[in-house]
Amino acid sequence: MTEHGALATLLAGPSGLGTSAARLAARLAQPPAVPLVAEEIPPPPEELSLDPAYAFRPWGDGSAPPLYCPVTERINDPLGEEVDRRLIAWAGECGFDKEECEQIGKAGFGRLVMLAHPDCEDPDRLLISAKLNAAWWAADDLYADDTSLGAVPAELPPKLALAMAAMDPVPSLGEFSHDLDKTLRGDRVLVALNSATDFLRRSGTPAQVQRVCYSTFAMFVSWTAYAAWRHSGKYPPAWEYLAARQHDSFYTSMTLIDVLGGYELTSNLYYDPRVREAAIQAGTAAVLVNDVHSVAKDLEDESPPCNTVLLIADDRKCTIEEATAITVELHNDVVRDFQAAHEKLSGVPSLELHRFMRGLRGWMGGGFEWHSTSPRYRTKPRN
Ligand SMILES: CC(C)=CCC/C(C)=C(\C)COP(=O)(O)OP(=O)(O)O
């Protein structure tokens with residue numbers, strides 16, 4: 001029986017997230033009505049604490065409920081520092097200036113991949129994920145999110161179309177290729193996306209490379225939805241943002257798990273609905289960890305980017321603290337769903353699938369650790 005056939009047989013049983021800008025900003029400026037304090041946090045349900053791979057992990061200043069999250073499998077600071085050194089040198093080659101290279105170094109994307117890919121010891125392989133994540137974040141900050149860095153919502157869609165051309169080179173169109181090639185060479189974000197994808201091509205199979213490209217392009221569609229909401233000043237309800245966030249999540253980063261692990265999860269397993277659902281759950285949970293850590297940073301922008309906590313606060317007319325608790329609860333439920341899916345898939349006779357599922361869990365545990373420690377999310381004390 002093929003791997004896919006085995007999976008289909010095993011899984012044949014019953015099948016298993018779903019205003020205006022001014023109003024949003026005004027509400028968020030209000031002081032918290034009833035702050036949640038640590039003593040009010042209900043104790044975690046005993047039975048869920050039993051799996052040693054998961055824990056209720058305090059985060060931030062400890063005042064919000066803990067995140068139910070996989071534990072961090074590996075912390076190897078010298079390895080993370082080595083990846084960061086190589087990453088900063090590469091960023092300079094792509095055309096990022098000294099200050100930008102320093103920012104990239106400070107964020108610690110090398111440390112992120114050291115934490116998130118515990119089954120990869122090789123700094124050069126880790127660099128595949130470090131380069132791609134740094135390039136995605138550069139596009140996210142410089143093109144999409146950060147007004148102070150020149151991001152303009154109305155200019156985003158055509159920039160993303162060029163970003164796709166940078167990652168997935170288009171065939172020559174004679175005289176019409178000249179200006180495109182010049183543009184792709186002249187913009188540091190496009191150079192980084194092109195270089196990082198080329199670097200991936202050295203180790204990944206064509207199927208692995210293309211899955212990275214297409215999940216990136218799906219993520220770009222969600223970015224254009226956020227840009228339209230920001231441009232019009234009509235922010236969406238949380239449910240609509242969350243629908244987009246599921247394709248704009250660390251799922252994209254997780255497409256690299258098997259490449260860094262030095263194996264390949266075949267396409268029919270990778271895209272099996274149960275595996276995809278689990279991977280989207282892992283990516284969404286990891287990006288909800290990002291949203292709860294990004295609130296202060298996002299509020300600093302003159303036109304705040306979309307964020308689950310801020311949109312829930314607006315939807316429910318509640319405080320940021322209350323919206324944070326709701327987001328944590330949602331996160332924890334998604335992790336529990338992932339945990340159940342992982343358990344169910346553990347009966348499938350595929351070593352690659354077992355490694356990949358463990359890789360998804362490991363990525364969530366590493367992502368949590370990175371968000372808790374990266375200066376990118378260090379919050380200023382609130383008044
Ligand atoms: C940048 C990247 C790896 C893309 C996948 C995950 C993702 C979309 C982000 C982390 C970007 O979300 P966001 O803009 O909210 O991130 P920051 O809060 O700006 O770090």
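A341 sits in helix α17, where helices are DSSP runs of H or I with at least four residues, strands are E runs of at least two, and both are numbered from the N terminus. Is A341 buried or exposed? It has 20 C-beta neighbours inside 10 Å, so A341 counts as buried. The cut-offs are these: 20 or more other C-beta atoms within 10 Å of a residue's own make it buried, 12 or fewer make it exposed, and anything in between is partly exposed, with C-beta atoms placed from the backbone. Y251 is 90 residues away from A341 along the chain, and the C-alpha atoms of the two are separated by 16 Å.

Before going on, a word on the model. It's a predicted one: local features need pLDDT of at least 70, side-chain atom pairs count only at pLDDT 80 or more, and totals for chains, interfaces and linings use all residues. Residues are numbered from 1 along each chain as its sequence is written.

Now look at K317, in the loop between α16 (308–316) and α17 (320–345). K317 has 10 C-beta neighbours inside 10 Å, so it counts as exposed. Its phi is near 55°, a positive value in a residue other than glycine.

Zooming out, the protein chain has 18 helices and two strands, and 43% of its 383 residues are buried. The largest nonpolar core has 104 residues, and those with the most contacts inside it are L87, A135, L193, A282 and L360. Here a nonpolar core means buried Ala, Val, Leu, Ile, Met, Phe, Trp, Tyr and Cys residues joined through C-beta atoms within 7 Å.

Which helix gives this core its largest share? That's α6 (residues 123–145), with twelve residues. Helix α6 packs against α9 (residues 188–201) at an angle of about 160°, with the axes 9 Å apart; axes are lines fitted to C-alpha atoms, for helices over the stretch in contact, and angles run from 0 to 180 degrees between N-to-C directions. The two helices are therefore roughly antiparallel, the word for angles over 145 degrees. On the α6 side, the contact includes A135 and A139, and on the α9 side it includes L193 and F199. Contact here means C-beta atoms, placed from the backbone, within 7 Å. The residues of this contact divide into 14 nonpolar, one polar and one charged; Ala, Val, Leu, Ile, Met, Phe, Trp, Tyr, Cys and Pro count as nonpolar, Asp, Glu, Lys and Arg as charged, and the others, Gly among them, as polar.

How values were computed:
Angles under 35 degrees count as roughly parallel, over 145 as roughly antiparallel, 65 to 115 as roughly perpendicular and the rest as oblique. Two residues are in contact if their C-beta atoms, placed from the backbone, lie within 7 Å.
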